Each structure stands twice: as structure tokens, then as C-alpha cells.
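Hi,

Here is the structure I promised to pass on.

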Amino acid sequence: MEPQTDVSNHKQEVVHRHSGAVRVTHWVNVVCLLVLLMSGLQIFNAHPALYLGSKSTFADPVMAMQPMRHGEEIFGITKIFGWHIDTTGVFGLAITPDGGYEVRGFPWSVTLPGHRDLSMGRRWHFFFAWLFVINGFIYLIYSLASGHISRDLAPSGPELRHIGASIWEHLRLRFPQGEEAKRYNVLQKLAYLIVAFLLLPLMLATGLAMSPGMDAGYPFLLDIFGGRQSARTIHFIAASGIVLFVVVHLVMVLISGVWNNLRSMITGRYVVKVPEAQS
Amino acid sequence: MSPKTLDRRGFLARGAAIAGATLLGGCDGDLSAQPWVRRILDKAEILTRVAQRALVPASALAREYSEADISADFKANGTTNPDDEDYNALAANGFTDWKLKIDGLVGKPMELSLAELRAMPARTQITRHDCVEGWSSIGKWTGVPLKALLEQAELKPSARYIVFYCADDLGETGGDDGKYYESVGLEDAFHPQTILAYDMNGAALPIPHGAPLRLRVERQLGYKMAKYVMRIEAVDEIAPIRGGMGGFWEDRGYEWYAGI
């Protein structure tokens, strides 16, 4: 049955979907992650290559974006595990605002500032890193104290057992309706748990492992990630994971009722269509 | 659809457009160029320094590595050859005429030759050098602990910073304004791993890495570790020196505390 097609038998119920703490920390996080990503790419551009272990093996990076000359022509090449991919115009040799080319990792359009300025990129990065950490701690304390994790985020046994069905429903772009829509579904729960309690803390830990000051006080930071250059590589991969999450998250918000979703994250109010008989 | 919802939609769309434009403006350097933005962002440096000073014990040592970890391709950044007339003359003589000057807020200003420095008790450490750009190299450094020099020169209690003046004109101004310099606080100056290194990987420090003498401050980034050190001055304030921020790169926007 398609509940949303038969409007006459349903009424709209407004539920209080997100608490104030979740809404505020969500939007602060949005700003933090955007600035951290763009300033992080500015910092990455200062040496657009990644390595494994404690030190940089300059001749043998696991990933690098660099210009390469072929006779008269120059290309932007992205090297990954020995593969060479022509990324001219985007990575390695990027298009400038006035349509020219310049040697740099990521293009101006995704870095903060747009022009090459490592010191300014670092200022943006560390200021918003602090804001991100403070915001994250507020969210963590709230989540633990209010029961947000156990009530809203922890998937139940039955939910986990029926994860296959949930994936199939999502692939067909059919989203939970009525009572079901009042809660996060199992895929949402898992995605939010992984991002909030794995990827974001991993960003912080790998970020701290890159600090020579913190490494002196807490050498285990180096050991758990396999050295400073490995930590830098993991920082990059985890950031890519967050970007992937945000893309999927935005697509889901757009196709499952963009205004309803946006309103619920701004005012807390979320409209659910429930059958008359049940309400 | 009621007009009210349309209004709300219009409001949200306009809000998103303004937020987007503001951020894109930032990407273009507009926000970054605003002094008030820089002033606010700078607050994070203070927070970072205070937090790291509180979280990392003053005596905590940077990790020391094994001989097998030493980089064969240790990168030389910044100036790789000062190419200055006076410096070239010193280098031509194997730095036998070079002297390290120690002055400022000290009871006994000194001038020490390379041979005199080598005769002092030395420390050898294999440490990781983390460049602000993101790369790391591992090298073996031998040199005199800065603490020993400061004690010998009888550092006065009023001294709060140790400033290092270098031979290289990285700013290419032709005068002293463009010459490299750096400064550290007393906590780092007296740290056991803070040394003035004259040997690298068991041989005399090569010119690209700062011959005849470079600073090692192992708990901070590479730009703190001044190369081609000619003079050490103990001061109570760094503001009156050159750009006033305590170092060549600090005067050009980088953090004085480079622990991250």
C-alpha cells in the first residue's frame, strides 16, 4: 500500500523530531566541516602527496598530485598506488579563476582561501578545529546525558536483522511513512553512528597525531596510526569518507522531502502523515 | 500551497544564497583578507599553545628513532645556500673563522668557535622533522644543548625569549629585514632535546641543512629550527624585533607556537 497517495484517509501530524541541542550542534558542525574541509585542502596543497609510516618517502608516495611534462605539453597527474591518472585541469595542474592553469593539488574553487596561502589555511583550520571539538563535546555530553544515543541512534536487534530489506527499500527510493517515519531507520542510525562516533573522532585523533607537540606528550598517537605520515594519510581518507557521507546525506534530504527535513533541523518540527484510524 | 509556505521557501532560498556567497567570498580571499577575521582566527593559536602546554609535560621528549629509520632523502627547505659574501667566505674556510655570538640579557656575552662548541658536552638524537607543509623526514643530529650555552652565558632572570639570527636572506630584501630569524620561549630553550646541531647523520652539517649550526626544537614544526645560526640573543620582548612576531615566517603570518 502507498500511504501518501490516499490523502483523504490520512492526517498530518507534527512531531518534535530534533531537540534543540541536536539542531544547534548540527548546524555548527556543518559550518565547521565545510571550513575544515576547504582549509584542509589548502594545507594539503602545500605538499600534495601522501605516505605511509613515520616519514615521507618522496620518490614513492601512496598518492600524489603533480605536474608532469610530456615534450612540450604539461599535464596534471594523480598517482595512486603506482597508477598514473591524467587529472589535468582538476588535480596537479588546476584551472585558475581566469581560465589559465597552475600547478597545485586541489583547484582554487575548493580551497580556503582560494589562492595559495598556507598560513591563512592553517588559521582557518585550527580555529574551526577548536570550534568543531567544543561543539562535538557538547553533542557527546548531551547525547549521553539525554539518552539520545540509546533512544534515537542505537539500532535494535530486529532492525539489524532486517537491514537487507531496508537497503532494498532505500534503493527503490521508498522511505518509511507514518509511525515508522517518526524514528531514524536502521541505515540512518548506522550512518550517523559511524560518522559521529567513528569518522569525526578519527579526524581529531589523526589531526592530533600530526602535531609534534602532542606526539611528545602522547606517543601512542603515533603508534595507533602507524606513524605521522600514516596519520596524515588516514586524516585524508577519513575526510573523504565524511565528504561521501555528506553527499549521500544531502541526496537523501533532497529526495525524502527537502522542506520537511530542513524545517525539522531548524525548528525541530517534522510533519508525518499518519492514517486517521491509528491516530 | 499557502503564501506563507512560499514566503518561508523564499526566505530559506535567499538565506542559503547569502550564506553561499559569503563562503565563496571567503574562498576568493575576501574574508581571509579582513583584519578582523585574522584577529579572531588568531585566538585559536593562543588556545592551542595554552592547551598543549597544559596537556604535554614540559619534560616530555619527542620520539627518538633508530638508525634504520633515518631518511636517505631528507628534504632541505627554505634557503639551501645562503650565497652571501660573508657567509661564502666563512664556508670557503670550513667555518674555522665562524663564531657564534651570544648576547642580550646574559651576564657573560660570549663568542664561541665551532671547535669550542664541539669541545662541549654533546647530545645526539635521531628525530623526526615535521615541515609545516606536511612532510616528515628523519635525521640524526649531534650538537650542544642550548641549556648548557645559556647557563654558561649566565642567562639573566629577566630573559623570556631566546632569539636566533641567521645568515640567510630568505626575504631577499638585501638588508637585515629579510634575514631569517627565529625565537623560542624558555620552556623550549631549556628542553633537553633543544640543541644547536653541528653534525647531521654523523657528518658535518651540510650547507643545505644549515651549516655550520642549526637549531633543533623537536616538539615544534621545521620552520622553528633556524639554519645558519650566527647569533643568539636573550630578550624579554620579541615585539621590538623586525616584524615583531618572533620569526621570519611568523612575520609572514605563521604561528609563533608551531606545536601543531
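Two strands count as paired if DSSP finds at least two bridges between them. Helices (H or I, at least four residues) and strands (E, at least two) are DSSP runs, numbered from the N terminus. Before the details: this is a predicted model, where local features need pLDDT of at least 70 and side-chain atom pairs count only at pLDDT 80 or more, while totals for chains, interfaces and linings use all residues. Residues are numbered from 1 along each chain as its sequence is written, and chains are lettered from A and ligands numbered from 1 in the order in which they are written.

The sheet, then. In chain A, four strands make an open antiparallel sheet, ordered S2-S3-S4-S5. S2 (49-50) and S5 (83-86) of chain A are at the edges with a single partner strand each, so one side of each has no neighbour in the sheet. Between S3 (residues 63-70) and S4 (residues 73-80) of chain A, which run antiparallel, there are eight bridges. His70(A) sits opposite Glu73(A) in S4(A).

Chain A overall: it has ten helices and eight strands, and its C-alpha trace spans about 75 × 45 × 35 Å along the principal axes. Of its 279 residues, 31% are buried (20 or more other C-beta atoms within 10 Å of the residue's own, with C-beta atoms placed from the backbone).

Now the helices. Axes here are lines fitted to C-alpha atoms, for helices over the stretch in contact, and angles run from 0 to 180 degrees between N-to-C directions. In chain A, H1 (residues 20-45) and H2 (residues 118-146) have axes that come within 8 Å and cross at roughly 155°. H1(A) and H2(A) are therefore roughly antiparallel (the cut-off is over 145 degrees). Their contact residues split into 15 nonpolar, eight polar and one charged. Nonpolar means Ala, Val, Leu, Ile, Met, Phe, Trp, Tyr, Cys and Pro; charged means Asp, Glu, Lys and Arg; the others, Gly among them, are polar.

H2(A) also packs on H2 (residues 35-55) of chain B, at about 65° with the axes 8 Å apart. That makes H2(A) roughly perpendicular to H2(B) (65 to 115 degrees). On the H2(A) side, the residues in contact (C-beta atoms, placed from the backbone, within 7 Å) include Trp124(A) and Trp130(A), and those in H2(B) include Leu41(B) and Asp42(B). The residues of this contact divide into seven nonpolar, one polar and three charged.

Cheers

Methods
Parallel < 35°, antiparallel > 145°, perpendicular 65-115°, else oblique. Buried ≥ 20, exposed ≤ 12 C-beta atoms within 10 Å, placed from the backbone. Contact = placed C-beta atoms within 7 Å.
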